[in-house]
Amino acid sequence: MTDESTVGTRRLDVRRRYRRLLYAAPLAGAFCFAIAVTFGYEVVGVGLYWLGFLVFLGIWWRAPVSIQDERDKQLERRASELTLTLVAFVGILVWPSVVILSETRGYEPPPVYDGVFLGISALYAVFGVVYLILRYRR
Amino acid sequence: MKNDLPARRDAAGLSQADLAAAVGVSRQTINAIERERYDPSLELAFKLARQFDCDIETLFDPDFDEPN
C-alpha cells in the first residue's frame with residue numbers, strides 16, 4: 001500500500017473508533033442510570049446519564065476526523081425524511097378519525113392522546129423553524 | 001448510477017477497503033456505489049476519477065434519457 005492509502009486507512013480506523021465511542025457513551029450513561037436507580041441513587045444516576053451525553057457531544061464536536069461519511073449522512077437524511085412522513089401519516093389519518101369517532105360514537109380517547117398529538121405538532125413546528133433558518137441563513 | 005468502478009478497481013489490484021481508504025469513505029460506501037445503490041457526491045466522484053486517472057464521465061454513466 002502507498003503512504004497515501006496508509007494514511008487513509010488510519011483515518012478510517014480513527015473514525016471507526018470514535019464512532020464506537022460516540023454510540024457507546026450515551027448507552028453506558030443509560031446503563032449506569034438504570035444501575036444507580038436500582039440501588040436508590042437517582043441523582044447520581046441522572047448525573048451519569050448526562051455525563052454519557054456530554055461525552056457524546058464532546059466526541060461529536062471535537063473528534064479529529066468526520067464521524068460520518070457522505071453515505072452515512074444521506075442515510076440519516078432519508079431516515080429522518082421517512083420518519084417525518086410516517087408521523088405525518090399518523091397525524092393525518094388518526095386525528096380526524098378520533099374526532100369523528102368521538103362525535104358519532106361518543107368515543108373518549110385516552111389522556112395520552114392529547115400528549116401524543118401535541119408532541120407531533122411540536123415536532124413539525126420545530127421542523128418548520130429549522131427549515132426556515134436553513135433556507136434563509138447566509 | 002451505472003459505473004465502471006469494480007472493473008477499474010480490480011484492474012488496479014485494489015480491494016474495496018483499499019479504495020475506501022484512498023478516497024476517505026467507508027468500505028460500505030464503495031460497495032454501495034459499485035452495486036449502484038448510492039450515487040456519490042460530486043466531490044467523491046472527482047476523487048474516484050482522480051484515483052483511477054480518468055474523467056468522471058468515463059467512470060460513471062448517468063444514463064440520462066434522451067430528450068425528445
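A crossing is left-handed if the near helix is turned anticlockwise from the far one by less than a right angle, and right-handed if clockwise. The structure is a predicted model, in which local features need pLDDT of at least 70, side-chain atom pairs count only at pLDDT 80 or more, and totals for chains, interfaces and linings use all residues. Residues are numbered from 1 along each chain as its sequence is written, chains are lettered from A and ligands numbered from 1 in the order in which they are written, and side-chain values use heavy atoms, without hydrogens and water.

**Exercise 1.** Describe how helix 2 of chain B packs against helix 4 of chain B.

*Solution.*
Step 1. Helices are DSSP runs (H or I, at least four residues), numbered from the N terminus. Axes are lines fitted to C-alpha atoms over the stretch in contact, with angles from 0 to 180 degrees between N-to-C directions.
Step 2. The axes of helix 2 of chain B and helix 4 (residues 42-51) of chain B come within 10 Å, crossing at roughly 115°.
Step 3. The crossing of these two helices of chain B is right-handed.
Step 4. Contact (heavy atoms within 4.5 Å) involves L19(B), A22(B) and V23(B) of helix 2 and L44(B), K47(B), L48(B) and Q51(B) of helix 4.

**Exercise 2.** Determine how far helix 2 of chain B is covered, and what follows it.

*Solution.*
Step 1. Buried means under 20% relative accessible area (1.4 Å probe, protein chains only).
Step 2. Six of the eight residues of helix 2 of chain B are buried, namely Q16(B), L19(B), A20(B), A21(B), A22(B) and V23(B).
Step 3. Just after this helix, G24(B) takes a positive phi of about 80°.

Notes. Buried means under 20% relative accessible area, exposed over 50%, partly exposed in between (1.4 Å probe, protein chains only).
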